[in-house]
Amino acid sequence: MALPVEEWRLLAARCWAALDPALRERLAAASLQDAVLLGCGLLGPEQAALRRLCRRVRAGKEPGSARCCREEGNRLFGRGPPEAAALWAPQAASHELPGSSELSLCFANRSAALFHLGCFEVCLEDIARAESHGYPDRLLPKVLLRRAECLLCLGRLQDAAAALSVVENKIAAGGIMTSPTHEVLLKKLSQLRIKIREKESCPEPAREPRGEIQRQLEIWEENDSISGATSSLSLNFDRERGRHLVASQDILPGQSLLKEEAFVSVLCPGESLLLPDSDETASWDARVTNADLYCHRCLRQLLASVPCCGCSYAKYCSQRCADLAWEQYHRTECSLGDLLLTLGVFCHVALRTVLLAGFAEVSRLVEWSHSGDKDLHSPEGRCKHLDEAPDTRGIPGCNDSGQYQSSYQAVFNLLPHTEKHSPEHKFLCVLSVVAICKQLQEAGLEAAVLNQESSEKRSKQKACEKTSGELSPELTIMAEAMLRHVLQLQCNAQAITVMQESESGDGAVVNKKPVRLATAFFPVLSLLNHSCCPNTSVSFSGTAATVRASQPIPSGQEIFHCYGPHRCRMKVTERQQLLSQYFFECRCQACLDELESDVKSVVSRRNSFCCPSCQASMQGQDVLCCSNEACATSVSRESLSRRLRDLQQQIKKALELLRDGKAEQAIKMLLKCQMDAGNFLSPEHLLMGEMEDHLAQVYATLGKWQEAATHLERSIEIVKMHHGPSSVEMGHELFKLAQILFNGFAVSEALSTIQRAEEILSVHCGPQSTQIQELQEMKTCLLELPRSILQRT
């Protein structure tokens, strides 16, 4: 959630409406500095209401929630897949206090699930964590046996034998034990001893190395002026387009143009992912979200998370990530979790930005913005300045040497469009950043924010010296910078996305969709202007973005990025409306072509309704009439839209049947939906393709590979019509078809499809992407089949 919760937005709106008109006018025209100073006095009456809202967010340690999650994990481990149990363990661990026996139990329980998943290295890490947090001695033998079994599975025989000796010593120290549990442990120990001796006497033959997957090395020549960019780009500036990147030489499709690490990123909580059989009516909210699945610092997917010692929200992939996050920003953010979750991701990004930059750099640039040449802060002034000195040293964000780096200076110089935001939105942002800074001051965190080594006593003393409506001069500077960043984010926030698997029956075919994972500042990536038909594709790996050419780009052509509404997905009027949030009217070639012609857009034609009587196309606005002159059928648009919504609900129910293991019923419902859709939707409608895709998914679940391939090929034809033969959507569909053909042992067809998918996905995602590696593994496996089989297929 980028913006604050709805209740806080409504409170701010009521507060704005109640202000004296003269004060509203003053606030609307105020500079960022004056807006913060005015906001300090206006927050007071609303601060108590904000605190009440924050109490609904549970970001602290709660033993009750931990107990609920631990019990649910134990229940699922006994009856369901180990993946489900492994997901509940981090929830429980995040609510337990460091060093408690309960926390050690969480790690031990998770190690059991990880062992069953075959994640032996990570299982060993959790066993070590359980021991370090004081796992009870009476339970240790069972966990230590698991360690020995992990080491055995990893082929570390000496370590496994040593681990068994430790178990034997523990059991001996405990005296003679006759309980059934201990007898089971002794039997297990004996079995592991035998396995170790067998492996020592008959070592497994060395496996012949499989054909190594060739990893293409990308040619990369660093740009002297733009950090992370190739030498094929140059930085330009003009009155109409502002800062922008231009090709300085001819560029080929798939060529990497830019690799940039985010200056700052904040994980978005994401939609709740309810586990099977979970109880939504439980007294504790224990739903699994993206915040439980990805590292809060580097965004790596989590197998065994390391929880923050102070809050229940932040989780990390390793102790190293946890320590770095604490040192860089989390020691300040930790106690503000409920407030930051209430105020939204944009406020969180703004706070983390200034924490990473440090007070000295923030103060320097804020003071520069007050005392510098005011002409340089307007587009007209910048252009005038650049006309006099056309080299890159005059371009905002560049350093004295004319280099544009991924730095706080570049972030600070991104346009906040202060005068273009609505006064109400600006007021909401003012109250929000002032609320954060007041909380920092009241909690005695000012010294940490300002990077000062100061005693707790001094921090509390400084807080007491302030009146209730004041911020210290230093925090006022930080608040001004944060306000600037919150306003910048509306036009410069970059969504970091990840291809996340969706449920697909038995998992034989992996269906993936892009999901927003985090919000970030990429100052170099922000140089790319928008086009509804861009010439680049952006992919992400953790917190790093890579921009590649998606089509040939001749020298001198501008490099474009799509901010969201692509011409293939949305008609021009809808795109223009959506792009208004960026404070510009799109004049890209795609928009001009549609606006200047009387021909309906491709999206409108293909996603249109057809006549329920004769299946000809329908025309009109509120009342649609059949385009076939011999047919006099007319129907309201609302009536057909209602039929479309009902159809989408039926498709949703069919997918629920599939998730419940009722594949045959799902097929019947989807076929009925197809028949109904054919009566009023264009054959090229995207929903027709989606239904073919779903039918392919169900047939793949049943192992009916030929039927699955037939339906997916029909879906691919519709995707090709909408998105183009070289689009990333086409690549994802071909990837699924390759999996189906591979599983169905259709060797020649699979090899051909793999090649097509590779060609497309390597352009958009690069040769190192997960999907490319999976495709190459399938190809290697198929090519290793006996020649006689290859010749028959």
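Student: What should I know before looking?
Tutor: The model is predicted, so local features need pLDDT of at least 70 and side-chain atom pairs count only at pLDDT 80 or more, while totals for chains, interfaces and linings use all residues. Residues are numbered from 1 along each chain as its sequence is written, and side-chain values use heavy atoms, with hydrogens and water left out.

Student: How many residues are in the largest nonpolar core?
Tutor: That core has 121 residues. A nonpolar core is a set of buried Ala, Val, Leu, Ile, Met, Phe, Trp, Tyr and Cys residues joined through side-chain atoms within 4.5 Å. Buried means under 20% relative accessible area, exposed over 50%, partly exposed in between, using a 1.4 Å probe and protein chains only.

Student: Which helix gives the largest share of this core?
Tutor: Helix H19, residues 423-442, with 11 residues. Helices are DSSP runs (H or I, at least four residues), as are strands (E, at least two), numbered from the N terminus.

Student: And what does Ile436 touch?
Tutor: Ile436 is among the residues with the most contacts inside the core. Leaving out residues up to four places away in sequence, its partners include Leu336, Leu351 and Met482. Contact means heavy atoms within 4.5 Å.

Student: New topic. How many aromatic pairs are there?
Tutor: There are 9. Rings of Phe, Tyr and Trp (its six-membered ring) pair if their centres lie within 6.5 Å; planes under 30 degrees apart count as stacked, over 60 as edge-to-face and the rest as tilted. Trp16 and Phe427 make a tilted pair, 5.3 Å centre to centre with 50° between the planes.

Student: Why does that pair tie together parts apart in sequence?
Tutor: Trp16 is in helix H1 (residues 6-18) and Phe427 in helix H19, so the pair links parts 411 residues apart in sequence.

Student: Is Phe427 buried or exposed?
Tutor: Phe427 is buried, at a relative accessible area of 3%. Trp16 counts as buried too, at 10%.

Student: Where is His485?
Tutor: His485 lies in helix H22, residues 473-492. Its relative accessible area is 0%, so His485 is buried.

Student: What does its side chain join?
Tutor: A polar contact of 2.8 Å links the side chains of His485 and Tyr408. Such a contact is a pair of N or O atoms within 3.5 Å; within protein, one must be able to donate a hydrogen and the other to accept it, and residues adjacent in sequence count only if both atoms are side-chain atoms. Tyr408 also forms an aromatic cluster with Phe263 and Phe412.
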